[in-house]
Amino acid sequence: MSQLLKAVAGKPFDLSSAARYVKEGHFTAAPLGYVNGQWVTGARKGIPVEDPCTNEVLGETANFGSEETEAAIKVASESFQKWKNTLPLERAKILRRWSDLMMQHQQALGTILSREGGKVLAEGLGEIAGSAGFLDWYAGEAERVYGDIIGGPRHGVQTTVLKEPIGVVGIVTPWNFPSSMITRGVGGALAAGCTVVLKPSELTPYSALVLAQLAEEAGVPPGVFNIVTGDAPAIGKAFTDSFDVRKISFTGSTRVGKLLYAAAAETTKKLGLELGGNAPFIVFDNADLDRAATGLILAKFRNSGQTCICTNRAFVHAAVYDRFMAIFLDKVKALKQGNALDPTVQVGALSTQMAVDSMAAIVKDATEKGATVAAGGKAVTVDGKGYFFEPTVLTNVDHATMRCCQSETFGPVVPVVKFETEEEVLQLANSTRSGLAAYFYSGDYRQQHRVMRALQYGMVGVNESLISTPVAPFGGVKDSGLGRDGSKYGIEAFWDIKYCCVSTV
């Protein structure tokens with residue numbers, strides 16, 4: 001253990017009494033990371049962690065930099081030598097125990113997640129279930145990785161293909177899904193036999209730390225799963241500069257993803273990049289309008305619009321525009337906004353004041369260029385506190401000039417554009433460098449097959465808005481990233497392919 005990292009006694013959470021932590025608001029007595037199976041502190045002052053619904057400071061997270069990260073990488077590299085030789089069956093058992101423990105503590109984990117992230121409790125609990133699902137899925141995948149024996153090129157030669165774990169994986173996850181973005185990466189890495197150094201968001205570190213606690217209880221050996229929080233550029237540079245880190249998995253902005261992509265070239269490592277989106281949502285004239293309106297509510301306002309696959313632009317056929325908008329606006333205006341822990345609330349807080357200001361700027365840009373605010377449109381508070389912005393609908397939108405259509409909104413603001421033909425709407429939907437997720441509603445099965453093939457996106461929901469699942473490949477095309485998480489394809493990113501030409505005579 002590096003002298004930069006000081007081990008401390010105890011654990012950051014008592015999950016059996018998590019309600020007490022939530023009530024008192026103090027999650028840890030000291031800012032902590034998790035390295036080599038120990039809770040550790042660094043030399044620098046911790047970073048405050050705030051409840052975005054109440055502005056209450058919950059506690060602190062450790063403020064590590066490059067040197068502490070390098071120490072964690074060294075630990076992970078040393079641990080890899082043993083973990084890679086652990087039987088796939090044993091890795092699977094550990095991941096399943098980890099998954100089971102998450103579900104045993106679902107209420108406590110969901111409450112912590114909602115408290116630090118502002119996500120409504122029902123969504124927080126759902127995220128915990130999905131997070132556990134990734135671990136369970138990859139537990140199965142650990143036992144389903146096969147090599148090949150290929151017909152030899154000549155007599156007396158056998159051609160064998162092996163799959164070997166790539167090594168240390170540096171994983172960087174965002175605040176908006178502080179649990180599931182971790183398990184979908186860490187689960188795949190550990191299942192394949194890799195070790196991990198994780199950098200979670202400093203806005204939502206506690207969801208990561210409780211996962212480490214449960215991983216330890218499930219039997220993940222010391223050094224196999226490590227957590228450093230703090231200085232994002234310094235930690236990222238430590239990942240890119242280290243030759244021991246053979247893969248980086250990053251979920252975040254396109255700008256930062258491209259910087260990592262370029263920096264990683266020096267050490268020729270693999271990258272998995274899940275970057276920004278600009279998702280279209282199309283309602284054709286033959287769609288079930290009530291179902292489509294409900295789908296748009298889910299696709300737009302889940303996590304207050306703060307997901308990479310949230311709808312960014314809605315397109316509605318002119319023949320049904322007025323009828324659809326009447327249904328949709330009624331549903332939007334019925335949404336209840338407030339404290340994430342209130343079980344009746346459907347829309348929680350934004351992450352920061354900066355996010356609120358961004359929403360206000362996007363609405364201002366649209367209205368100054370001629371758009372109409374059909375619902376919402378302004379920042380609000382709950383009892384004078386919190387980072388809230390009303391669920392907002394913009395109409396009379398110019399798709400070509402307004403920021404709400406040309407850039408990722410990442411908040412509860414949706415522009416609605418009227419269209420006339422299938423060809424027109426496909427051109428508009430594809431007129432972006434992003435290509436993560438797209439949605440459309442249609443009652444014509446021929447149109448369904450045409451449109452899902454024509455949309456230039458990595459994921460397409462057809463009459464469906466809830467598309468994320470451990471069993472399907474998650475990821476985008478174009479500027480939305482590289483690689484896939486989840487499904488039978490997800491574990492492939494954590495393996496190297498080795499070809500062996502064996503003489504049999």
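## Basis of the description

Helices (H or I, at least four residues) and strands (E, at least two) are DSSP runs, numbered from the N terminus. The structure is a predicted model, in which local features need pLDDT of at least 70, side-chain atom pairs count only at pLDDT 80 or more, and totals for chains, interfaces and linings use all residues. Residues are numbered from 1 along each chain as its sequence is written, and side-chain values use heavy atoms, with hydrogens and water left out.

## The annotated domain

An unreviewed UniProt entry places the feature "domain: Aldehyde dehydrogenase" at residues 39-498; such annotations may be inferred rather than shown by experiment. This span is 40% helix and 22% strand, and its end C-alpha atoms lie 37 Å apart.

## Nonpolar cores

A nonpolar core is a set of buried Ala, Val, Leu, Ile, Met, Phe, Trp, Tyr and Cys residues joined through side-chain atoms within 4.5 Å. Here, buried means under 20% relative accessible area, exposed over 50%, and partly exposed in between (1.4 Å probe, protein chains only).

The largest core has 54 residues, and W98, M102, L190, V196 and F225 have the most contacts inside it. Helix α7 (206-218) is among the elements that each supply at least two residues; the largest share, nine residues, comes from α7. Apart from this core lies another, of 35 residues, among them A293, L296, L329 and L436.

## One face of helix α9

In helix α9 (residues 254-264), T254, G257, L260 and A264 are buried. Seen down the axis of α9, the buried residues fall within an arc of 120°, so they line one face of the helix; the arc is that of the directions from the helix axis to the C-beta atoms. An α-helix has 3.6 residues a turn, so residues three or four places apart point the same way.

The buried residues of α9 pack against α8 (232-241), β11 (245-251) and β12 (270-274), where contact means heavy atoms within 4.5 Å. On the other side of α9, R255, L259 and A262 are exposed.

## Strand pairings

Two strands pair if DSSP finds at least two bridges between them. An open sheet of three strands has antiparallel pairing in the order β6-β7-β23. Its edge strands, β6 (148-150) and β23 (495-503), each pair on one side only. Three bridges link β6 to β7 (residues 157-165), and D148 has V161 as its bridge partner in β7.

Elsewhere, the antiparallel strands β16 (residues 379-382) and β17 (residues 385-389) are joined by three bridges. These strands form a hairpin with two residues between them, and D383 in the turn has a positive phi of about 55°.
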